[in-house]
Amino acid sequence: MNSLSPPVAAPLWSVRAHLVHGVLTALGAVLFLAGTAVVANEKVYADQEPGLAVATVGVVLGGAAGLLLLVHGRRRVAVRRDQLLSPVPAAPGVTGATARTRSADPAGFVAGEGLVHFHRRECSMAQGRGWPVSDRAGHERAGRRPCGVCRP
């Protein structure tokens, strides 16, 4: 394997997530079809209510199945993002104290006027922008939050 090639990532959804989604979706579809079958033969609304309730539960269950699958995938994406953006190990000869001092540099944060986030100077989101440097307290007074990429 080439040392420059990216690592092979696990699938976004596990087999268990697919099974749960499939079972909940199938159960929702069965409930929906059963409810609509009851409603189809009834002419009075009061007689249709139980069938409508069952069909509604089926629709909600099917929607919940899709939502659970999306939430599961979103969590997996967040884990992958954190793995990719995790701090790079210090170079040989650089002590932990040196690395902490650099990242805690009070004047090492930049942001543009009117923006919501502030960044480390070396953040890829701030490179080449020529934004003014300020301390954390100054950015927080301006209502800015830390960048989600460089996490100052």
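Arg151 sits in the segment after strand 4, which spans 145-146. This is a predicted model, and that residue makes a handy way in. Arg151 has a positive phi of about 45°. It takes this value although it is not a glycine.

Now step back to the whole chain. The protein has four helices and four strands. Read from the N terminus, the order of elements is α-α-α-β-β-β-α-β. The protein counts 152 residues, and buried residues make up 20% of them. Contacts also reach along the chain. Take those with a separation of 6 or more: residues 24 or more positions apart account for 59% of them.

Helix 1 covers residues 15-40, and helix 2 covers residues 45-84. How do their axes meet? They come within 7 Å and cross at roughly 165°. Angles over 145 degrees count as roughly antiparallel. Helix 1 and helix 2 are therefore roughly antiparallel to each other. The crossing of helix 1 past helix 2 is left-handed. Which classes of residue form the contact of helix 1 with helix 2? There are 16 nonpolar and 11 polar residues, and no charged ones.

Glu49 lies in helix 2. Its relative accessible area is 41%, so Glu49 is partly exposed. Compare its position with that of Gly35. In sequence, Glu49 and Gly35 are 14 residues apart. In space, their C-alpha atoms are 9.4 Å apart.

Next comes the nonpolar core. In soluble globular proteins, nonpolar side chains tend to be buried together. Which residues make up the largest nonpolar core in this model? There are six in all: Val110, Cys123, Ala126, Trp131, Cys147 and Cys150.

What does Trp131 touch, leaving aside residues up to four places away in sequence? Its partners are Val110, Ala111, Gly112, Leu115, His119, Met125 and Ala126.

Notes
Residues numbered from 1 in each chain as written. Predicted model: local features only at pLDDT ≥ 70, side-chain atom pairs only at ≥ 80, totals over all residues. Heavy atoms only, no water. Axes fitted to C-alpha atoms, helices over the stretch in contact; angles between N-to-C directions. Helix = DSSP H or I, 4+ residues; strand = E, 2+ residues; numbered from the N terminus. Parallel < 35°, antiparallel > 145°, perpendicular 65-115°, else oblique. Left-handed = near helix turned anticlockwise from the far one by under 90°. Nonpolar A, V, L, I, M, F, W, Y, C, P; charged D, E, K, R; others polar. Core = buried A, V, L, I, M, F, W, Y, C linked by side-chain atoms within 4.5 Å. Buried < 20%, exposed > 50% of the residue type's maximum accessible area, 1.4 Å probe, protein only. Contact = heavy atoms within 4.5 Å.
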